[in-house]
Amino acid sequence: MNHVGPLFKTQAGELVVAMPESGIDPAWLVRPLAELGLDAGASFAAVRVEMPASRRWSTPDAAFFARLLGELEARGRQVALRGLPRELEKLLSLARRAPAVAAPMARPPGIRERAGLRALRQASDASALVALLGEIVLRLPRLFAGRAKIRRAEMWEVLAESSSRALPIVAIVNLLMGAILAFVGAVQLKTFGAGIYVANLVGIASVRELTPILTAIVLAGRTGASFAARIATMQGNEEVDALTALGVSPAEFLVLPRVVALSLLMPLLYVYGCAFALLGGMAVSMPVLDVSATAYVAQTQRAIADAHFAIGALKAFVFGGLVALIGCHHGLRAPRSAAGVGSATTSAVVSSIIGVIALDAVFAVCANALKV
């Protein structure tokens, strides 16, 4: 686009801008204004725009006048702009608006601040977990009365997920645990000629402590993670919000059947795991210590008291409810994204394992205080 004639001229104390019919050439936005006819020494108090009536204004016009006024103000001249239509005045005000000053970067929090923020998040998370537990306890009578809003098909799916599908991994873990205990005990007790007491070691340790803990940890990594991932996916798909909009409590529909199912089935899995732990101990003791199966079983029966089974079954019951509750809790609080599903699953497994170990320590202190 070629420039035709001078663009600027002074007339009656005004700087007149004679707009060409073809409009502003974008190249003028970077060319010195003196080349376009602006006299730096001329005196004027206003800028008046003249242009053909048929011409339509555009964004380059606003950018050009914004540059013109900016250069005049930089030379110390405060001038008024006349002859602009209203729409161009709006464009010019936008073009001349000062850009927002970027806020200074916040100082990264220190160690104490990070520790405090993390403590507040953990406190909020614990408070939400306790609130969910209270809601589950309050809704238990509705479940046993048959008035809870749950799906039977999903209830059967949860029961299968918490029981029959977990049998192989529970059997393998407890079998190997019993075998390891027996081997370690045999190495030490054989030197004293007390190899038969390996049955006592394996029986009491597995029935009272290790089997409920290992079974709970296995289910935390398998079933608890599954609960967290499934509910977190529903959270991302807004299915949980849909339940709330329909007047159905997510705690009753999603959490209650899972907590009840895993709590009731964990004692059964505990008994199943104990059988394999004792079998693993016997499988190692027979060839290493030359102990017959009959002697091993008889010694195990004498070593294990009813109190040991009662404590182990109670632990299994509580651990099952804790694993299910933590898994569902992290699923409900998961961010609405694929990364949120993975984060919820990881948090559920880690929190469940820590919770199981901490709760087992509480059981140990209480049992010691009661001399059980």
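Entry 1, cores. I looked up the largest nonpolar core, which has 59 residues, with Leu254 and Val255 making the most contacts inside it. Such a core is a set of buried Ala, Val, Leu, Ile, Met, Phe, Trp, Tyr and Cys residues joined through side-chain atoms within 4.5 Å, where buried means under 20% relative accessible area (1.4 Å probe, protein chains only). Two or more residues each come from α3 (111-144), α5 (167-189), α6, α7 (239-245), α8 (250-289), α10 (306-332) and α11 (338-370); the helices are DSSP runs of H or I, at least four residues, numbered from the N terminus. I note that α8 gives the largest share of this core, 18 residues.

The model is predicted: local features need pLDDT of at least 70 and side-chain atom pairs pLDDT 80 or more, while totals for chains, interfaces and linings use all residues. Residues are numbered from 1 along each chain as its sequence is written, and side-chain values use heavy atoms, without hydrogens and water.

Leaving aside neighbours within four places in sequence, I list Leu132, Ile136, Pro250, Leu325, Cys328 and Leu332 as its contacts (heavy atoms within 4.5 Å).

I found a separate core of 21 residues, with Val17, Trp57, Ala62 and Leu84 among them.

I recorded Glu157, Val158, Glu161, Ser226, Phe227, Arg230 and Arg258 as lining the largest cavity; lining residues have an atom within 4 Å of a point on a 1 Å grid over the protein atoms alone, and a cavity is a set of points where a 1.4 Å probe fits but cannot get out. At least two lining residues each come from α4 (152-162) and α6 (198-236).

Terms used: 1 Å grid on protein atoms, 1.4 Å probe; cavity = no way out; pocket = protein on both sides within 12 Å on 5 of 7 lines; lining within 4 Å. Buried < 20%, exposed > 50% of the residue type's maximum accessible area, 1.4 Å probe, protein only.
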